[in-house]
Amino acid sequence: MRIADLLSDKHGEGVVTISPEAGVRELVALLAEHNIGAVVVSSDGSAIEGIVSERDVVRRLAQDGTVVNNTVGAIMTPVVECAEPDTDLDAVMQLMTQRRIRHVPVRQAGALVGIVSIGDVVKHKIDQLTFERDQLDSYVHQA
């Protein structure tokens with residue numbers, strides 16, 4: 001399966017982005033509002049300038065209690081692991097495991113077109129196993 005297939009299963013959910021100049025308080029509110037764990041940092045909604053997650057906030061909070069007074073640009077991860085729509089899902093799972101990341105933005109021709117989370121990957125794997133089990137059950141009961 002390719003990442004494009006997984007994105008199409010998400011039924012056109014848009015990618016939540018935030019400007020690097022936005023405040024961390026705004027970031028926290030955005031994460032809570034959308035019930036998500038990470039946001040792509042982008043000034044224009046297309047170029048990927050970084051990624052910022054709840055983990056980034058918590059790690060900085062442990063170092064500096066005033067992190068909420070910072071900008072997103074000050075706490076974001078500037079080097080982002082990305083995938084293309086034609087990337088194999090197994091390759092993305094391996095990337096997530098090796099790099100210990102939970103979110104991989106998807107870009108095409110340099111522009112942001114989606115994001116895949118570890119939750120998306122797990123849901124797909126569970127759906128795939130359920131389908132295979134149902135097929136085997138059907139085969140066994142026909143015999």
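Student: How do the residues of the lining of the second largest pocket divide into nonpolar, polar and charged?

Tutor: The model is a predicted one. In it, the lining of this pocket holds 7 nonpolar, 4 polar and 8 charged residues. Asp, Glu, Lys and Arg count as charged. Arg-102 is one of the residues closest to the centre of the second largest pocket, so by that rule Arg-102 is charged.

Student: What is the volume of the second largest pocket?

Tutor: The volume is about 360 Å³. Of the 19 residues that line the second largest pocket, those closest to its centre are Ile-51, Ser-53, Thr-77, Ile-101 and Arg-102.

Student: Which elements give two or more residues to the lining of the second largest pocket?

Tutor: They are strand S3 (50-53), helix H3 (54-63) and strand S4 (103-108). H3 gives the most, with 4 residues.

Student: Which residues point one way from S3, and which the other way?

Tutor: Gly-50 and Val-52 point one way, while Ile-51 and Ser-53 point the other way.

Student: What makes S2 and S3 a pair?

Tutor: Two strands pair if there are at least two bridges between them. Strand S2 (residues 38-41) and S3 have 4 bridges, so they count as paired. The sense is antiparallel, and Val-41 stands opposite Gly-50 in S3.

Student: Why is Ser-42 called buried?

Tutor: Buried means under 20% relative accessible area. Ser-42 has 3%, so the name applies. Ser-42 is in the loop between S2 and S3. Not counting residues up to four places away in sequence, Ser-42 touches Thr-17, Ile-18, Ser-19, Pro-20, Ala-47 and Glu-49.

Student: How do you know that the side chain of Ser-42 makes a polar contact with the side chain of Asp-44?

Tutor: The cut-off for the pair of N or O atoms is within 3.5 Å. The distance here is 3.2 Å, so it passes that cut-off, and the pair counts as a polar contact. A polar atom of the Ser-42 side chain also lies 2.6 Å from the backbone oxygen of Ala-47.

Student: Is Gly-14 buried or exposed, and what makes it count that way?

Tutor: Exposed means over 50% relative accessible area. Gly-14 has 64%, so Gly-14 counts as exposed. Gly-14 is in the loop between helix H1 (3-9) and strand S1 (17-18). The C-alpha atoms of Gly-14 and Asn-35 are separated by 14 Å, with the two residues 21 residues apart along the chain.

Note on methods
Residues are numbered from 1 along each chain as its sequence is written. This is a predicted model: local features need pLDDT of at least 70, side-chain atom pairs count only at pLDDT 80 or more; totals for chains, interfaces and linings use all residues. Side-chain values use heavy atoms; hydrogens and water are left out. On a 1 Å grid over the protein atoms alone, a cavity is a set of points where a 1.4 Å probe fits but cannot get out, and a pocket is an open set with protein on both sides within 12 Å along at least five of seven lines; lining residues have an atom within 4 Å of a point. Grid points are joined across faces, edges and corners, and a volume is the space filled by probe spheres set on the points. Buried means under 20% relative accessible area, exposed over 50%, partly exposed in between (1.4 Å probe, protein chains only). A polar contact is a pair of N or O atoms within 3.5 Å; within protein, one must be able to donate a hydrogen and the other to accept it, and residues adjacent in sequence count only if both atoms are side-chain atoms. Contact means heavy atoms within 4.5 Å.
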